[in-house]
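Trainee: Hi! Could you walk me through the aromatic rings in this one?
Mentor: Happy to. Let's bring it up.

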Amino acid sequence: MQAPRDLTAFIAAERPRLVAAMTLQLGDRAVAEEVVQEAFVRAAARWSRVRELDSPGGWTWRVAHNLATSTLRRRAIERRVQRRLEAQDAGRVHHDPDPIAGERVRAAVAALPERQREVVVLRHYLGHDGPAIAAITGQSHDNVRKLLQRASERLRAVLVEETRDVR
């Protein structure tokens, strides 16, 4: 489908000024071009009404301006979230006081049967409670409790035995 001549002429006439204006507003030409493109897509979808307005360029500028404002808000939110996540991560840096013991625990957990390993990870690494683990795994709460109990016994036995061997 080909665009009406007046739409094509409108876009050709308005695009350079609109891209320049949005570049000033956004500070990024590539993003400005995307915003302007979207504004023209919206104008084209409503062209039969937009072309009858006193200022089709003004209408298109307003659409582009609104899109640019949304883009700037989204960027600001993304920056705030990123700063918060970085601050949280900085506070969560885990320094294993005994890397050898940490490796033993990881190896012991890896040696567990799959279902026991799954519930141990969900409980002790991800912090889910019994009912949540049951919902996630599709098992009954009692079965989750039994799996956690067996896994704990097995881990205790393996890790206590390894500790005796090291001494």
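Predicted model: local features only at pLDDT ≥ 70, side-chain atom pairs only at ≥ 80, totals over all residues.

Trainee: How are the rings of F10 and F40 arranged?
Mentor: Their planes stand at 90 degrees, with the centres 6.0 Å apart, so this pair is edge-to-face.

Trainee: And where do F10 and F40 lie?
Mentor: F10 belongs to helix 1 (residues 5-26), while F40 belongs to helix 2 (residues 29-45), so the pair ties together parts that are 30 residues apart in sequence.

Trainee: Switching topic: is F40 buried or exposed?
Mentor: F40 is buried, at 4% relative accessibility. F10 is buried too, with a relative accessible area of 10%.

Trainee: What about the rings of F10 and W47, why is that pair called tilted?
Mentor: The planes of F10 and W47 are at 35 degrees, so the pair is tilted, and the ring centres are 5.0 Å apart. Stacked would need planes under 30 degrees apart, and edge-to-face over 60.

Trainee: Which helix holds W47?
Mentor: W47 is in helix 3 (residues 47-50) and F10 in helix 1, so this pair ties together parts 37 residues apart in sequence. W47 is buried as well, with a relative accessible area of 7%.

Trainee: Which residues form the aromatic cluster, then?
Mentor: One cluster is formed by F10, F40 and W47.

Methods:
Residues numbered from 1 in each chain as written. Heavy atoms only, no water. Phe/Tyr/Trp six-rings, centres within 6.5 Å; stacked < 30°, edge-to-face > 60°. Helix = DSSP H or I, 4+ residues; strand = E, 2+ residues; numbered from the N terminus. Buried < 20%, exposed > 50% of the residue type's maximum accessible area, 1.4 Å probe, protein only.
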